[in-house]
Amino acid sequence: MLTVKQASVTLGVSTTCVYQLVSQGRLACHRIGLGRGAIRISESDLSAFIDSCRQSRQTPAEAGPPKQSKPTRFKHLRLE
C-alpha cells in the first residue's frame, strides 16, 4: 500500500493532484484509521488508474475528417 506522497512520485504529479483524483473517484483508495482516516493506495489500483488513462494513437486517416466548429458569437459585440 502506497501513501499519497509515494503515489504522487510514481505518477509524477503533485500530492494535491492525487488528493483530487481520489476525491473525484477516479483513483481508488483505502482509508485506514478513525474519522476520515489516512489514505492508502494499492499498487493494483494505481496500475488500473494508469491503464485507464492510456490514450490510443490514431493516424489522421483513422481519426476521420477534421470537425468544423461554428463561429463564435459574442453578445457584447455588434457586427453590422
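The dialogue below goes from the overall layout to the core.

Analyst: This is a predicted model, in which local features need pLDDT of at least 70, side-chain atom pairs count only at pLDDT 80 or more, and totals for chains, interfaces and linings use all residues. Residues are numbered from 1 along each chain as its sequence is written, and side-chain values use heavy atoms, with hydrogens and water left out.

User: Which pattern does the protein follow along the sequence?

Analyst: Helices (H or I, at least four residues) and strands (E, at least two) are DSSP runs, numbered from the N terminus. Here there are four helices and two strands, and their order is α-α-β-β-α-α.

User: How do α1 and α3 cross?

Analyst: An axis is a line fitted to C-alpha atoms, for helices over the stretch in contact, and angles run from 0 to 180 degrees between N-to-C directions. The axes of α1 (residues 4-11) and α3 (residues 43-52) come within 12 Å and cross at roughly 35°. Contact means heavy atoms within 4.5 Å. On the α1 side A7, T10 and L11 take part, and they meet L46, F49 and I50 of α3.

User: Is S8 buried or exposed?

Analyst: Buried means under 20% relative accessible area, exposed over 50%, and partly exposed in between (1.4 Å probe, protein chains only). S8, a residue of α1, has a relative accessible area of 5%, so S8 is buried. Leaving aside neighbours within four places in sequence, S8 is in contact with V13, S14, T15 and V18. In the whole protein, buried residues make up 16% of the 80 residues.

User: Where do the buried residues of α2 lie around its axis?

Analyst: An arc is taken from the directions from the helix axis to the C-beta atoms. In α2 (residues 15-23), V18, L21 and V22 are buried. They fall within an arc of 100°, so they line one face of the helix. Their cover includes α1, β1 (30-32), β2 (38-40) and α3.

User: Which residues make up the largest nonpolar core?

Analyst: In soluble globular proteins, nonpolar side chains tend to be buried together. A nonpolar core is a set of buried Ala, Val, Leu, Ile, Met, Phe, Trp, Tyr and Cys residues joined through side-chain atoms within 4.5 Å. The largest one here has 11 residues: L2, V4, A7, V18, L21, V22, L27, I39, I41, L46 and F49. α1, α2 and α3 each supply at least two residues of this core, and α2 gives the most, with three.
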